[in-house]
Amino acid sequence: MRLYRHALITLLLASLLFALPGNAKLSISDEVLARIESQYNKFARKRVEGWRELVNNPANHDLSEKEKLELVNQFFNANVQFINDIDLWQKKDYWATPLEMLSIGAGDCEDYSIAKYFTLKELGVDEDKLRITYVKAIEIDQAHMVLTYFETKRSVPLVLDNLITEIKPASRRNDLVPVYSFNGTGLWLAKSRGEGQRVGEASKLSLWNDLEKRMKDQALQ
């Protein structure tokens with residue numbers, strides 16, 4: 001029951017938070033890269049340069065959606081180390097922007113899912129096919145977050161996870177129990193096949209303003 005209440009509260013906020021402006025664009029200047037290298041190190045700059053190249057390479061926009069999923073999932077899983085928020089940010093729950101996560105080179109399951117979501121949108125994947133999904137991870141006995149992709153509204157979703165490198169359909173992830181899913185347009189009761197029952201609308205709250213301000217400060221909008 002505690003997992004249910006925590007997921008519901010967090011996801012109601014999250015669904016409101018991620019109503020991205022329709023004209024949001026990824027833009028990372030050389031000046032931003034220089035600041036990252038100065039503040040962190042050359043490896044931080046290399047990670048962010050890799051992200052910029054991934055998004056701005058025209059060839060990647062021409063890939064099939066399944067190829068885009070593989071590309072983005074592999075990039076973040078390979079370049080980011082898992083560290084809990086309390087150890088990384090000294091906060092119980094902090095949702096990092098992709099730039100923050102790549103600069104530090106670390107994040108938790110929420111940060112992986114958020115970064116993959118934004119990046120796939122930048123590559124042209126329809127937001128309606130993407131859900132940031134709260135699950136219970138049975139093997140580690142805790143709440144967890146993944147990104148799911150629905151080819152159609154009735155499809156078994158594919159799961160992009162930081163726990164394993166292979167993208168698998170939800171029907172082959174018996175270690176995960178879906179709870180809720182969301183994107184910038186709404187909140188759903190999650191299930192293994194199809195998008196689930198819609199239970200809420202997305203709109204803006206103060207949490208969104210905080211993230212939007214951080215992204216503007218980082219020159220990502």
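Reader: Which residues are buried in helix α2?

Author: The model is a predicted one. A residue counts as buried when its relative accessible area is under 20%. In α2, which spans residues 30-39, V32, L33 and I36 are buried.

Reader: What covers the buried residues of α2?

Author: The cover includes α3 (42-56) and α7.

Reader: Where is I28, and is I28 buried or exposed?

Author: I28 belongs to the loop between α1 (2-17) and α2. Its relative accessible area is 6%, and because buried means under 20%, I28 is buried. I28 and V48 are 20 residues apart along the chain, and 8.5 Å separates their C-alpha atoms.

Reader: Which residue other than glycine has a phi near 60°, a positive value?

Author: That residue is Q90, found in the loop between α6 (85-88) and α7 (98-104). The cut-off for exposed is over 50%; Q90 has a relative accessible area of 58%, and therefore it is exposed.

Reader: What is the phi of D141, and where does D141 lie?

Author: D141 is not a glycine, yet its phi is positive, at about 55°. The residue sits in the loop between β3 (130-137) and β4 (142-149). With 56% relative accessibility, D141 counts as exposed.

Reader: Where does D161 lie, and is D161 buried or exposed?

Author: D161 is in the loop between β5 (158-160) and β6 (168-169). Its relative accessibility is 0%, so D161 counts as buried.

Reader: With which side chain does the side chain of D161 make a polar contact?

Author: For such a contact, one looks for a pair of N or O atoms within 3.5 Å. The side chain of D161 makes a polar contact with the side chain of H144, at 2.8 Å. The D161 side chain also reaches the backbone nitrogen of L163, at 3.0 Å.

Reader: Which residues does D161 touch, not counting residues up to four places away in sequence?

Author: With those sequence neighbours left out, D161 touches N73, N77, K116, H144, V146, R173 and L176.

Key:
Residues are numbered from 1 along each chain as its sequence is written. This is a predicted model: local features need pLDDT of at least 70, side-chain atom pairs count only at pLDDT 80 or more; totals for chains, interfaces and linings use all residues. Side-chain values use heavy atoms; hydrogens and water are left out. Helices (H or I, at least four residues) and strands (E, at least two) are DSSP runs, numbered from the N terminus. Buried means under 20% relative accessible area, exposed over 50%, partly exposed in between (1.4 Å probe, protein chains only). A polar contact is a pair of N or O atoms within 3.5 Å; within protein, one must be able to donate a hydrogen and the other to accept it, and residues adjacent in sequence count only if both atoms are side-chain atoms. Contact means heavy atoms within 4.5 Å.
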